[in-house]
Amino acid sequence: GITVFKQINNFVTIAKVIPLLLFILMGLFSVKSNNYIPLDLHELKGESFGAAALIVFYAFSGFETLTVAAGEMKNSRENLPFAIMLVISFCSFLY
């Protein structure tokens, strides 16, 4: 039922966040300020739109599963919209 789904959802969420955090931590040690160059958006010409769309899809997938867990929430009519906005805000901040 919902309990098993919640456990699977928690596992998948952790499996998504751990590699991202490891990537960020490894990248922090590789940052060199003299490698930064200004980004000229006119040179891109839409070539990286597909990659950006894939990253956005990956980042924001999963928040809709909160509605499945709403059956076990206390006062879900008030808490669910807040939880969805909190998750979307956290993902936006993280990425």
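The secondary structure of the chain, a predicted model, comes to five helices and zero strands, with helices counted as DSSP runs of H or I of at least four residues, strands as E runs of at least two, and both numbered from the N terminus. Read from that end, the order is simply α-α-α-α-α.

How far can the model be trusted? The pLDDT, the predictor's confidence in each residue from 0 to 100, averages 78 over the chain, and 87% of the residues score at least 70. Helix α1 (residues 2-28) has the highest mean, 86, and helix α2 (residues 41-44) the lowest, 63. Local features here need pLDDT of at least 70, side-chain atom pairs count only at 80 or more, and totals for chains, interfaces and linings use all residues. Residues are numbered from 1 along each chain as its sequence is written, while side-chain values use heavy atoms, leaving out hydrogens and water.

Leu 22, found in helix α1, counts as partly exposed because its relative accessibility is 48%. As for contacts (heavy atoms within 4.5 Å), among those between residues at least 6 apart in sequence, 64% join residues at least 24 apart.

Further along, helix α3 (residues 49-60) has 12 residues and spans 16 Å from first C-alpha to last, close to the 16 Å expected at 1.5 Å a residue, that is, 1.5 Å times one less than the number of residues. After α3 comes Gly 62, with a positive phi near 110°.

Methods. Buried < 20%, exposed > 50% of the residue type's maximum accessible area, 1.4 Å probe, protein only.
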